[in-house]
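Okay, everyone, thanks for coming.

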Amino acid sequence: MRAILGARSAPTPEVFRRPGAPPVGGPRDGSPGGVGGVFDLTRTPFVHRTVFVTTRVTQDRDVTVVGAGPVGLVLAAELALAGVSVQVIERLAEPDEGMKAASINVTTAAALDRRGLLAAAEQVQREVLERAGSFPRPGGGRKPGGVPRFTGHFAGLVLDPGLVDWSDPDFAGHAALDGARMVPQRELEALLAAHVERLGVPVIRGVEVTALEDTGDAVLVGTTDGTVRTGWLAGCDGGRSTVRRLAGIGFPGTDPELTGYVALADIADPGKLADGWTWSAHGVYRYGPQPGRVITAEFGRVPDDRSAPVTLEDVQESLRRVSGTDVTLTALRGGGAARWSDNARQASDYRLGRVLLAGDAAHVHPPFGGQGLNLGVGDAMNLGWKLAAVVAGRSGEELLDTYDAERRPLGAWVLDWTRAQIGVLRGDAQSTALRTVVADLLATGEGATYAVKQIWGVTQRLALPGDHPLTGRYLPDARLNDGSRLVDHGHDGGFLLLDRTPDGAFARIAAPWAGRVTTVADGPGTPTGVLVRPDGVIAWAADDTSADGLDATLRRWAGEPAS
């Protein structure tokens, strides 16, 4: 052993309230992520929690996950919770501490909450706010108690939190997550690494995948540590996925038109730069909101080698071109700098035989708003319990077909959401005119509220059978009569069934699925019953005592009952 350091849908009904209980809601923090939202974390050095990892890849695991970023760690944790033997292999010998997403959206915070990690995420947010200090932010505004409100931006057009309708049910239904959204990706990886260690998942670093062969009943994986036989192989290894390439999975999409950089730097003459987002004939840049933080985007410039390390000169030359100044950068600090582009692609298959893809291995796009991190975590949550059910023999492989069917539309939507921002971001006359129109729309309450809801992911809905308005939605904050929340009963990763019938009728129907479904009895309220999948998606709901469709829904998602 060695130690290694939003898809659109109808609004959410105001639900899950006890009779006489006050509504949840109030202003919420909107936090920036990806390009447009990186906190200065250099005031306190970042240190990964120590996670012990095995030095050799293990044979005959049910599942081998390639990639130890947030997506791979979430997937491994979900599999381990379901009793699957899983290992993670990662080509990097140490965690990547480069500049990445600065926050998570509501769906990712909810995923942490479902696994009992909300308190840890809240602690991260408190530490981030303490380190970030108090600096002016476009859009301004603070919640009661002094916590900054962050709503993010659309193509550099900062969304004013004062215009957002925070009483909208889509926001109010997730108010319990207020204190757990400003979780930068590096801290998220450390939190998840500790989570998988507690679950006993081995993480093997410094091992690269070199070949793979799907034999029909297993996958033979060639690695720099030898050949591994595994039941299933999950590629969570990023946009340049080796797993995707070796599996022969296509990656169609649109080629990049721009090159951008994001960096924290020491600047000799910052007075030469304008604050905020500034457009020029050569591109766009942003300086701030804290000293030293710069973002650039240049259209028509595509680097010969996008994988080459980013240098101080790269960032300085780009900033000089787009700003029209001779500004001088003297050093890169914190996580250094990162290169980005508007390359937007989606895998032709999320599953090919016994090989599966998740996260950036399945889709890449411009990094506006940290959408890629959140989309990837959603992939892992959706895939984990389904793959576990197939491995255990509770469900047939057709269940895995629903992974692609459910996640592909969300991935395609994110690609288009970010492509639209590129169209607004350009500096040509047409895009300049379009930007003026979009800015006017976002300066309205309805426009700002719409954009923030999309960025936060609170309107996501899957196309599942059933006509109840909750079906296909992610579980909102569900308070029970005993003071607990429904989500608190699901930390083991199974299905949850809320039963508010006076005679426990729903619980009796679910009894044959004991061990897979946890039934939670509660007093009178609306809805009367809800079946929640392990990924937090509501699969069935009722507002009366009728159990129509419950048995069929259990069989569809939880498999046939135990004999």
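Which exposed residues sit on the face of α10 turned away from its buried side? They're A429, Q430 and D440. Exposed here is over 50% relative accessible area, buried is under 20%, and partly exposed is in between, with a 1.4 Å probe and protein chains only.

Quick housekeeping. This is a predicted model, where local features need pLDDT of at least 70 and side-chain atom pairs count only at pLDDT 80 or more, while totals for chains, interfaces and linings use all residues. Residues are numbered from 1 along each chain as its sequence is written, and side-chain values use heavy atoms, with hydrogens and water left out.

Back to α10. Helices are DSSP runs of H or I with at least four residues, strands are runs of E with at least two, and both are numbered from the N terminus. This helix covers residues 429–442, and its 14 residues should span 20 Å at 1.5 Å a residue; that expected span is 1.5 Å times one less than the number of residues.

Now the buried side: S431, R435, V438 and L442. Looking down the axis of α10, these buried residues fall within an arc of 70°, so they line one face of the helix. The arc is taken from the directions from the helix axis to the C-beta atoms. Covering the buried residues of α10 are, among others, β5 (153–154), β13 (276–280), α9 (398–425) and α11 (445–456), where contact means heavy atoms within 4.5 Å.

On to the rings. The whole structure has 10 aromatic pairs. Rings of Phe, Tyr and Trp (its six-membered ring) pair if their centres lie within 6.5 Å; planes under 30 degrees apart are stacked, over 60 edge-to-face, and the rest tilted. W166 and F171 have ring centres 5.3 Å apart and planes at 45°, so that pair is tilted. Both W166 and F171 are buried.

Then there's W385 with W557: centres 6.1 Å apart, planes at 65°, so edge-to-face. W385 is in α8 (residues 371–391) and W557 in α13 (residues 550–558), so the pair ties together parts 172 residues apart in sequence. W385 counts as buried at 7% relative accessibility, and W557 is buried too, at 3%.

Last one: F154, W413, W417 and Y450 form one aromatic cluster. That's me done, thanks!
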